[in-house]
Amino acid sequence: MKTYQINYDVNNYRQLAWSDKDINILKESEVLLSGDKGALKKISVEWMIEEGVTNLPKPDIAYLQGYTPSIIVNSKVAPLLSDKFGDKAENITISIENEFWFIFKINKISDTALNLERCKFKLRRSGSFGRITKAVYNKSEFSDSMAIIAKQDPMNIVVTDEFIDFINSNQFTGLSFKEVENI
């Protein structure tokens with residue numbers, strides 16, 4: 001089994017970005033984007049408008065980094081991902097520029113996903129650990145889920161080759177993947 005960090009395909013598809021406009025969250029009581037119990041956040045996103053980018057097609061799946069990394073999926077993808085993940089993830093209905101999309105929220109946030117002895121970190125001036133420069137994941141953490149978020153690296157979703165096979169077999173567009181080490 002291999003593991004991969006999700007990235008977005010910026011060269012071929014439009015991307016989402018945080019905005020100053022409000023997004024209409026239809027099930028706001030269910031939104032837990034920060035990963036902390038009771039910490040509801042109202043988010044605002046929109047399709048990026050940059051010179052030469054607006055002519056690109058919208059993807060089936062967009063990746064949005066922020067409070068917690070989020071996979072934003074269209075209505076074709078949402079039910080298929082829900083069936084595949086079961087209770088390990090949830091769809092939250094949103095409206096982006098008057099279209100229905102879904103935040104596909106990964107529920108598995110793991111304390112032990114990273115092998116901290118094998119990871120490499122940038123050190124802060126204070127001597128404490130900073131940003132992870134080389135992540136190494138514990139393969140055993142993926143035994144019951146094909147996607148997780150490591151508590152120590154909360155800005156990334158890491159998936160297995162099973163997830164990529166599922167994405168590719170359904171010909172979903174918008175994501176790219178970078179292999180990360182696991183033991």
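Modeller: Buried means under 20% relative accessible area, exposed over 50% and partly exposed in between, with a 1.4 Å probe and protein chains only. Helices (H or I, at least four residues) and strands (E, at least two) are DSSP runs, numbered from the N terminus. The model is predicted, so local features need pLDDT of at least 70 and side-chain atom pairs count only at pLDDT 80 or more, while totals for chains, interfaces and linings use all residues. Residues are numbered from 1 along each chain as its sequence is written, and side-chain values use heavy atoms, with hydrogens and water left out.

The helix is α2, residues 161–169, in which F163, I164, F166 and I167 are buried. Seen down the axis of α2, the buried residues fall within an arc of 160°, so they line one face of the helix; the arc is that of the directions from the helix axis to the C-beta atoms. On the face turned away from the buried side, α2 carries the exposed residues D165 and S169. After α2 comes Q171, with a positive phi near 55°.

Next, the cover over the buried face. It includes the strands β1 (3–8), β5 (61–64), β6 (70–73), β14 (153–160) and β15 (175–182), and the helix α1 (78–85).

A nonpolar core is a set of buried Ala, Val, Leu, Ile, Met, Phe, Trp, Tyr and Cys residues joined through side-chain atoms within 4.5 Å. The largest one has 25 residues, of which I71, V73, F85, I157 and F163 touch the most other members. At least two residues of this core come from each of β1, β5, β6, α1, β8 (99–106), β13 (147–150), β14 and α2. The most come from α2, which gives 4 residues. Contact means heavy atoms within 4.5 Å. Neighbours within four places in sequence aside, V73 is in contact with D60, I61, A78, L81, N91, W101, F102 and F104. Another core, of 12 residues, lies apart from the largest one; L114, C119, I148 and V158 are among its members.

Two strands pair if DSSP finds at least two bridges between them. β13 and β14 run antiparallel, joined by 3 bridges, and form a hairpin with 2 residues between them. A150 stands opposite D153 in β14.
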